[in-house]
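Look at the model first, then work through each step.

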Amino acid sequence: MESWFSIDWRVFITIFVSVFIAELGDKTQLATMLFAADKETSKWMVFAAASAALVVASAIGVLAGSVLSAYISEKVLAYIAGVGFILIGIFTLIKA
C-alpha cells in the first residue's frame with residue numbers, strides 16, 4: 001500500500017504542472033479575479049476560499065478516481081477522459 005507521506009517528486013511535479021496549466025485562464029480563475037477586484041472584499045479571503053474550493057474539488061476527483069479504478073482499468077479511464085475532453089471542446093466550439 002502506498003504511504004501518504006512518501007513523495008515521488010516526478011509524479012508530484014507532473015501533477016502540479018498539469019493542474020496548474022489546466023487552471024490558467026479557465027472560468028474558475030476568471031471568477032476568482034472578479035471576486036478579488038471587489039475593493040470591499042479581503043484578498044486573503046478570496047485566496048483562502050478559492051484555494052479551499054480547489055482542494056475540495058481535487059479531493060472529490062481523487063476519491064472518484066480511486067473508486068472508479070477499482071472497477072475500470074486505467075486505460076479505459078484514460079479513453080473516457082479523452083473522449084470527455086473532446087466532447088467538451090466540441091460543445092464549447094458549437095456554443096461559441
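Aromatic pairs and overall form

Q: How many aromatic pairs does a search of the whole structure find?
A: The model is a predicted one. Searching the whole structure for aromatic pairs gives a count of three.

Q: Is the aromatic pair of Phe16 and Phe20 stacked or edge-to-face?
A: The ring centres of Phe16 and Phe20 lie 5.9 Å apart, with 10° between the planes. Planes under 30 degrees apart count as stacked. Phe16 and Phe20 are four residues apart in helix 1 (residues 9–23), so about one helical turn separates them. The pair is therefore stacked.

Q: Is Phe16 buried, partly exposed or exposed?
A: The relative accessible area of Phe16 is 49%. Exposed means over 50% and buried means under 20%. Phe16 is therefore partly exposed.

Q: What is the angle between the planes of Trp44 and Phe47?
A: Trp44 and Phe47 sit three residues apart in helix 3 (residues 43–69), about one turn of the helix. Both residues are exposed. Their rings form an edge-to-face pair, 6.1 Å centre to centre, and the angle between the planes is 90°.

Q: How many helices does the protein have?
A: From the N terminus on, the elements run α-α-α-α. There are zero strands, and the number of helices is four.

Q: What is the radius of gyration of the protein?
A: Buried residues make up 1% of the 96 residues. The C-alpha atoms fill a box of roughly 50 × 45 × 20 Å along the principal axes. A compact globule of 96 residues would have a radius of gyration near 12 Å, but the protein has 17 Å.

Key. Residues numbered from 1 in each chain as written. Predicted model: local features only at pLDDT ≥ 70, side-chain atom pairs only at ≥ 80, totals over all residues. Heavy atoms only, no water. Phe/Tyr/Trp six-rings, centres within 6.5 Å; stacked < 30°, edge-to-face > 60°. Helix = DSSP H or I, 4+ residues; strand = E, 2+ residues; numbered from the N terminus. Buried < 20%, exposed > 50% of the residue type's maximum accessible area, 1.4 Å probe, protein only. Rg over C-alpha atoms; globule rule 2.2 N^0.38 Å.
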